[in-house]
Amino acid sequence: MKIQMIGIQGSGKSTIGKEIAAYLGFSFYTMSDLIKKAVADEDEFVTSKYSTQCINAGRLAPDSVINYLLESIEEPDYVMDGYIRTPQQCNDFCKDATSDDYIIELQISEELAISRMTARNRDDDTPEAIARRISIFNKNIQSIKYNIY
């Protein structure tokens, strides 16, 4: 069973996803942590396509990087925060999904999302990066929902 948490940054995907994972006895992953670890470990495939500067600027990793990192997860059952951020990722997930796989969408206002992100004091939560991530989310979410529903 794969459970994908989707929603605007700051919506609580990690907080709620960790609780769901603990309840079910599953592993919990964030795509952000997988990417940052791969960059820090100087994974050749990842660093050839994505860098710390991209992370700090709020740019999404290319789908090829995301798919590569997903393939590295060995557990059949997990909860993930940060996957399905593009229409192509949604198509990939839905194509391979089984009746035991789920997508959970969390919805909050942009104002609350900005408030939460600026309060968490992460290096990649600059006003510019936050604005960029919200813009990307808003651009992609309707296509993603269309493919899911």
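Guide: Let us begin with Arg133, which has its place in helix α8, residues 127-148. Please keep in mind throughout that this is a predicted model.

Visitor: Why does Arg133 count as buried?

Guide: The word buried is used for a residue under 20% relative accessible area. Arg133 has a relative accessibility of 7%, and therefore it counts as buried.

Visitor: Which residues does Arg133 touch, if those up to four places away in sequence are not counted?

Guide: Arg133 touches Gln9, Gly58, Met117, Arg120, Asp124 and Asp125. With one of these, Asp125, the side chain of Arg133 makes a polar contact at 2.3 Å.

Visitor: What makes the meeting of the side chains of Arg133 and Asp125 a salt bridge?

Guide: A salt bridge needs a side-chain nitrogen of Lys or Arg within 4 Å of a carboxyl oxygen of Asp or Glu. Between the side chains of Arg133 and Asp125 the distance is 2.3 Å, N to O, so the pair meets that definition. In general terms, side chains of opposite charge can pair when their charged atoms come close.

Visitor: Is Asp125 buried or exposed?

Guide: Asp125 has a relative accessibility of 9%, and because the cut-off for buried is under 20%, Asp125 counts as buried. Through salt bridges that share partners, Arg120, Arg122, Asp125 and Arg133 are joined into one network.

Visitor: How do you know that Arg120 and Asp125 meet in a salt bridge?

Guide: The side chains of Arg120 and Asp125 come to 2.5 Å, N to O, and since the limit is 4 Å, the name salt bridge applies. Arg120, at 32% relative accessibility, lies between the 20% and 50% cut-offs and therefore counts as partly exposed.

Visitor: How many salt bridges does the structure hold?

Guide: The structure holds 5 salt bridges. One of them joins Lys145 with Glu105, where the closest N and O atoms are 3.2 Å apart. This pair links distant parts of the chain, with Lys145 in helix α8 and Glu105 in strand β4, residues 102-106, the two being 40 residues apart.

Visitor: What makes Ala113 a buried residue?

Guide: Ala113, which lies in helix α7, has a relative accessible area of 0%, and this is under 20%, so Ala113 is buried. Leaving out residues up to four places away in sequence, Ala113 touches Ile8, Gln9 and Ile108. Ala113 and Lys2, in turn, are 111 residues apart in sequence and 25 Å apart in space, taken from C-alpha to C-alpha.

Visitor: What volume does the largest pocket have, and which residues are the closest to its centre?

Guide: The largest pocket has a volume of about 570 Å³. It is lined by 31 residues, and the closest to its centre are Gln9, Ser32, Arg85, Arg120 and Arg122. The elements giving two or more residues to this lining are α1 (13-24), α2 (31-40) and α7 (110-119), and the largest share, 5 residues, comes from α2. By class, the lining of the largest pocket has 8 nonpolar, 12 polar and 11 charged residues.

Visitor: How much space lies in the second largest pocket?

Guide: The second largest pocket holds about 290 Å³ of space. Of its 14 lining residues, the closest to the centre are Lys2, Leu70, Tyr78, Phe93 and Asp96.

Visitor: What makes a space a cavity, and how many of 30 Å³ or more are found here?

Guide: A space is called a cavity where a 1.4 Å probe fits but cannot get out, whereas a pocket is open. A search of the whole structure finds 1 cavity of 30 Å³ or more. The largest cavity has a volume of about 120 Å³, and of its 16 lining residues the closest to its centre are Gly7, Gln9, Ile84, Arg85 and Phe137. The largest share of this lining, 6 residues, comes from α8. Sorted by class, the lining of the largest cavity has 9 nonpolar, 4 polar and 3 charged residues.

Technical notes
Residues are numbered from 1 along each chain as its sequence is written. This is a predicted model: local features need pLDDT of at least 70, side-chain atom pairs count only at pLDDT 80 or more; totals for chains, interfaces and linings use all residues. Side-chain values use heavy atoms; hydrogens and water are left out. Helices (H or I, at least four residues) and strands (E, at least two) are DSSP runs, numbered from the N terminus. Buried means under 20% relative accessible area, exposed over 50%, partly exposed in between (1.4 Å probe, protein chains only). A polar contact is a pair of N or O atoms within 3.5 Å; within protein, one must be able to donate a hydrogen and the other to accept it, and residues adjacent in sequence count only if both atoms are side-chain atoms. Contact means heavy atoms within 4.5 Å. On a 1 Å grid over the protein atoms alone, a cavity is a set of points where a 1.4 Å probe fits but cannot get out, and a pocket is an open set with protein on both sides within 12 Å along at least five of seven lines; lining residues have an atom within 4 Å of a point. Grid points are joined across faces, edges and corners, and a volume is the space filled by probe spheres set on the points. Ala, Val, Leu, Ile, Met, Phe, Trp, Tyr, Cys and Pro count as nonpolar, Asp, Glu, Lys and Arg as charged, and the others, Gly among them, as polar.
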